[in-house]
Amino acid sequence: MSRKLINVEDYRRQAKRTLPRIIFDYLEGGAEDEKGLNHNRAVFDQFRLNPKRLVDISQRDISCKLFSKKWDAPFAIAPTGLNSSLWPYADRILAKSAAKANIPFMLSTASNMSIEDVAQSCDGEKWFQLYVLNQELAVKMVQRALKANYTTLIITLDVGINGYRERDIRNGFAIPLKFSSSLILDAIMHPSWSLRFLSQGMPQLANFVSSEAHSLEVQNALLNRQMDTTFNLESLKKIRDIWPHTLLVKGIVRPEDAQKAVQAGADGVILSNHGGRQLDCSISPMETLSDVGKAIDQPILIDSGFRRGSDIVKALCLGASMVCLGRPTLYGLAAKGEGGVDDVIQLLKQDINRTLAQIGCPSITQLNKDYLR
């Protein structure tokens, strides 16, 4: 009898059972000693919820408004790369699940389906996350996203060089996968993953499969996070000039950097330490969220370490407009495909709703620091 999966951790464990070690380690791993991963989770225990009573909570509303649109929940699916190593056509699945749930979906530059293919796959709103490998190529990517009707552009700043991801180094993780004897044995031990993986063929970085993009050279640079290390405030302004829609800057933790981004034309920021995958000893964005809220008036999104609806509620209390989820929906994907993604989204919606009831708050729009201690 299979075990019922009732929270994100259950889906994480199921993903670990389903995936070969090299793939699970890519999904789960962080930089260096992975203290950053642990800190991202531990920081939520610094904040305890302080319930109110004698409040009518018979009707509760977890919807939120962001950039003039109403969403059914205060979280989005964050941009993540190489998702088809977990499940075939994963980017399309994630986009479809987000559309069904009426939450934003963010496509990574390092996706295994192209900007255009994902845009055609479902009717939901789609946002595009840009890694700047070089500024000429960045302009072309922005133009493609614009032509494909993406509504929001996200520029990621925290991968000037690749984090030292020791699990991936030890495992020899790379795309295309190198089929060593140990990987073949591991694949045999995970037959359902192997059959799915073989059915789709070797995943590629689909946004760079063209002669124009100098495919092999650019794909290798992206896999090794060899970004444009000259990217600065003036570079950001140039992209702002060619992107007419909402622009977010991701990878910020300092209030002054958030101010600079807004002054350069950003419509908001995403606080992030890249899920603990870049700088192992980085602070958690939760530790700086309140200070960033004092520094700018624009929307603040946040990621890194969220696993429970109560985690999301705590971020909203501190001033976040929305939370971005990376690993949680990927656990669902790896465990059960589209059904798993849908399940994780619904579990978190229910968790937020339940938390609102427990703390005596009928709507997430009423959350504030008074609910925290």
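**View 1. Thr329, a buried spot in helix H15.** Thr329 sits in helix H15 of this predicted model. With a relative accessibility of 2%, Thr329 counts as buried, because the cut-off for that word is under 20%. So who are its neighbours? Leaving aside residues up to four places away in sequence, Thr329 touches Ile77, Leu94, Val341, Val344 and Ile345.

**View 2. Helix H1 meets helix H15.** Stay with H15, which covers residues 327-336, and bring in H1, residues 8-18. Their axes come within 8 Å and cross at roughly 50°. H1 passes H15 in a left-handed crossing. On the H1 side, look for Val8, Tyr11, Arg12, Gln14, Ala15 and Thr18. Facing them from H15 are Pro328, Tyr331, Gly332, Ala334, Ala335 and Lys336. Sorted by class, the residues of this contact of H1 with H15 come out as seven nonpolar, three polar and two charged.

**View 3. Helix H14 meets helix H16.** Here is another pair of helices: H14 runs over residues 309-317 and H16 over residues 338-359. The two axes come within 8 Å and cross at roughly 60°, and H14 and H16 are therefore oblique to each other. Which hand does the crossing of H14 and H16 have? It's right-handed. H14 brings Gly309, Ser310, Ile312 and Val313 to the contact, while H16 brings Leu348, Asp351, Ile352, Thr355 and Ile359. By class, the contact of H14 with H16 has five nonpolar, three polar and one charged residues.

**View 4. Leu54, a leucine with a positive phi.** Most residues other than glycine have a negative phi. Leu54 isn't a glycine, yet its phi is positive, at about 60°. You'll find Leu54 in the loop between helix H3 (35-42) and strand S1 (64-66). Is Leu54 buried or exposed? Leu54 has a relative accessible area of 92%, so it counts as exposed.

View 5. Gln120 lies in the loop between helix H5 (115-119) and strand S5 (126-130). How many residues apart along the chain are Gln120 and Asn149? They are 29 residues apart, and their C-alpha atoms are separated by 9.9 Å.

**View 6. Cysteines without a disulfide.** A disulfide is a covalent bond between the sulfur atoms of two cysteines. How many does a search of the whole structure find? The count is zero disulfides. Take Cys324: the nearest cysteine sulfur belongs to Cys64 and is 11 Å away. A disulfide needs the two sulfur atoms within 2.5 Å, so Cys324 is in no disulfide. Cys324 is buried, with a relative accessible area of 3%, whereas Cys281 is exposed, with a relative accessible area of 66%.

Notes:
Residues are numbered from 1 along each chain as its sequence is written. This is a predicted model: local features need pLDDT of at least 70, side-chain atom pairs count only at pLDDT 80 or more; totals for chains, interfaces and linings use all residues. Side-chain values use heavy atoms; hydrogens and water are left out. Axes are lines fitted to C-alpha atoms, for helices over the stretch in contact, and angles run from 0 to 180 degrees between N-to-C directions. Helices (H or I, at least four residues) and strands (E, at least two) are DSSP runs, numbered from the N terminus. A crossing is left-handed if the near helix is turned anticlockwise from the far one by less than a right angle, and right-handed if clockwise. Contact means heavy atoms within 4.5 Å. Ala, Val, Leu, Ile, Met, Phe, Trp, Tyr, Cys and Pro count as nonpolar, Asp, Glu, Lys and Arg as charged, and the others, Gly among them, as polar. Buried means under 20% relative accessible area, exposed over 50%, partly exposed in between (1.4 Å probe, protein chains only). Angles under 35 degrees count as roughly parallel, over 145 as roughly antiparallel, 65 to 115 as roughly perpendicular and the rest as oblique.
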